[in-house]
Amino acid sequence: VSHLQPELLVRAMDDELSAVERVALEGHLANCESCRQKYRELGALSVRIENAVAATPVAVPLNPRALLESALARNEAASELSSKRRAAGTWRWGVAMAATLVLGAVLLPRHFVHVSEQGNGTLQFDTRSAGAGTFELDGETFVALPDSNPGLPVSSARIVQMEVPVSSLADAGILIEAMADESADRSVLADVLLGADGEPRGVHVLSGL
Amino acid sequence: MNEDRAMELAVAIASPDIERRPLPDQILRDVVLEQYDRDHLALRRYVTCLGMDADAAQDVVHEAFVKLFGHLAAGGDRTNLHAWLYRVVHNLSRNRQTKTEASHGSLDDLTGFAEPVAADASPEQKLLADERERRLRRAIDSLPETQRECLILRAQGLKYREIAETVGLSVSTVAEHIQRGLDAVKGSV
């Protein structure tokens, strides 16, 4: 006579059997005193273990709920402070970026930019300074900024696309031919290349006219 | 707590249609505190059975509830917070034991009486019951770590799926550990 596996008996006790397993087990137990005895022994042992665990003394500090409430309050205050700092940091970063761009634009040498429209609608430019103040990166021509460090590495991952006021470019000496006279209050879309030191190294005007 | 508030919390925890909706902080705090009232003793008992002292147990259990607040605030799963807490407490206690290289915990170090002894039991019967008790605790203590964890979690009423999530094993492996653990304890007592 084959008997039930102990693992099956334990799972039966823990109500972890499938319906099919349950039917088979009950059918066997009804006719097998040996397995019924094992099942009873496992049940008794399980109760003893449950009692041993439940009887394990647990040390609880005085008023633990209040301790948790204070911990939650401290945690909330800390995350609120942290989120404010994050928000302030983002705002400061934005201001610093804008300031850097304006400063970079102000310190630009006076290049004269000729803008011409390409077939794909993108506006390209070159300078009248015969290439001395320009450099190529990923097929783009950038007007170099004088205070950047040309010795630092650059990468296309550090190109930021943004709207740059034409007036700022004009103040910095980059004159956009098509709009130099009448549209000084408008902006152009430009790629700004940042050097490894975080300072702008060059500007490539894309569109906006 | 009045009935309306209790109902509001129950809905906040259980309703599937608002499962991922962030709850207001006050509700979150109440949910965490309600859960704390329900579970903190069992969680303390679990880590105590694993050999953690009272101060460490306090730290671990409170840290778990602070994490629960963060979990709920982030819109985390609220379907079985009881099992979630066991998993976090288990992991925190393991990390702590790894850091401090704590010794194997012991139920035998703890006083307590697992088996009720009849009030009119003779001194010999009480001694015998105490001895049986000590042997059982020693048998549990001498189990391999995972078998012991699975048996303690089972004794605390967790389902196999919950135990599996807590200790990071499959349900079938948990069943195997429980059966082997029971077998070993039975052989020792």
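Contact here means heavy atoms within 4.5 Å. The views below come from a predicted model, so treat them as such.**View 1. Helix α3 of chain A meets helix α5 of chain B.** Here residues 33-54 of chain A, forming α3(A), pack on residues 123-141 of chain B, forming α5(B), with axes 11 Å apart and an angle of about 90°. Angles from 65 to 115 degrees count as roughly perpendicular, and α3(A) and α5(B) are therefore roughly perpendicular to each other. From the α3(A) side come Leu45(A), Arg48(A), Ile49(A) and Ala52(A), while α5(B) brings Arg132(B), Glu133(B), Leu136(B), Arg137(B) and Ile140(B). Sort the residues of this contact of α3(A) with α5(B) by type and you get five nonpolar, four charged and no polar.

**View 1. Helix α1 of chain A crosses helix α8 of chain B.** The axes of α1(A) and α8(B), the latter covering residues 171-188, come within 9 Å and cross at roughly 105°. With that angle, α1(A) and α8(B) are therefore roughly perpendicular to each other. On one side of the contact sit Pro6(A), Glu7(A), Val10(A) and Arg11(A) of α1(A), and on the other Ala175(B), Ile178(B), Gln179(B) and Leu182(B) of α8(B).

View 2. Look for Gln58(B) in helix α3 of chain B, which spans residues 54-73. Its relative accessible area is 13%, and since buried means under 20%, Gln58(B) is buried. Setting aside neighbours within four places in sequence, Gln58(B) touches Pro61(A) and Leu67(A) from chain A, plus Arg44(B) from chain B.

**View 3. Ser93(B), tucked away in helix α4 of chain B.** Ser93(B) belongs to α4(B), residues 81-100. At 1% relative accessibility, this serine, Ser93(B), counts as buried. Beyond four places in sequence, Ser93(B) is in contact with Val47(B), Leu50(B), Met52(B) and Val60(B). Ala57(B) is another one to pick out: Ser93(B) and Ala57(B) are 36 residues apart in sequence, yet their C-alpha atoms are 8.2 Å apart in space.

**View 4. Chain B on its own.** Of the 189 residues in chain B, 49% are buried. Take the contacts in chain B between residues at least 6 apart in sequence, and 66% of them join residues at least 24 apart.

View 5. Strand β3(A), residues 134-137, and strand β4(A), residues 140-144, run antiparallel and are joined by four bridges. Across the pair, Glu136(A) stands opposite Thr141(A). In a regular strand, side chains alternate between the two faces of the sheet. In β3(A), Phe135(A) and Leu137(A) make up the covered face, whereas Thr134(A) and Glu136(A) make up the uncovered one. The turn has two residues between the strands, and Asp138(A) takes a positive phi near 50° in this hairpin.

**View 6. Two loop residues of chain A with positive phi.** Most residues other than glycine have a negative phi, which makes these two worth a look. Asp15(A), in the loop between α1 (6-13) and α2 of chain A, has phi near 55°. At 54% relative accessibility, Asp15(A) counts as exposed. Asn63(A) has phi near 50° and lies in the loop between α3 and α4 (64-106) of chain A. With a relative accessible area of 48%, Asn63(A) is partly exposed.

View 7. The mean pLDDT of chain A is 73, with 56% of its residues at 70 or more. Within chain A, confidence is highest in helix α2 (residues 19-29), at 95, and lowest in strand β2 (residues 123-127), at a mean of 38. Over residues 109-132 of chain A, pLDDT stays under 50, although the model has 61 contacts beyond four places in sequence for that stretch. Where pLDDT is low, the predicted coordinates should not be read in detail.

Conventions:
Residues are numbered from 1 along each chain as its sequence is written. Chains are lettered from A and ligands numbered from 1 in the order in which they are written. This is a predicted model: local features need pLDDT of at least 70, side-chain atom pairs count only at pLDDT 80 or more; totals for chains, interfaces and linings use all residues. Side-chain values use heavy atoms; hydrogens and water are left out. Axes are lines fitted to C-alpha atoms, for helices over the stretch in contact, and angles run from 0 to 180 degrees between N-to-C directions. Angles under 35 degrees count as roughly parallel, over 145 as roughly antiparallel, 65 to 115 as roughly perpendicular and the rest as oblique. Ala, Val, Leu, Ile, Met, Phe, Trp, Tyr, Cys and Pro count as nonpolar, Asp, Glu, Lys and Arg as charged, and the others, Gly among them, as polar. Buried means under 20% relative accessible area, exposed over 50%, partly exposed in between (1.4 Å probe, protein chains only). Two strands pair if DSSP finds at least two bridges between them. pLDDT is the predictor's confidence in each residue, from 0 to 100.
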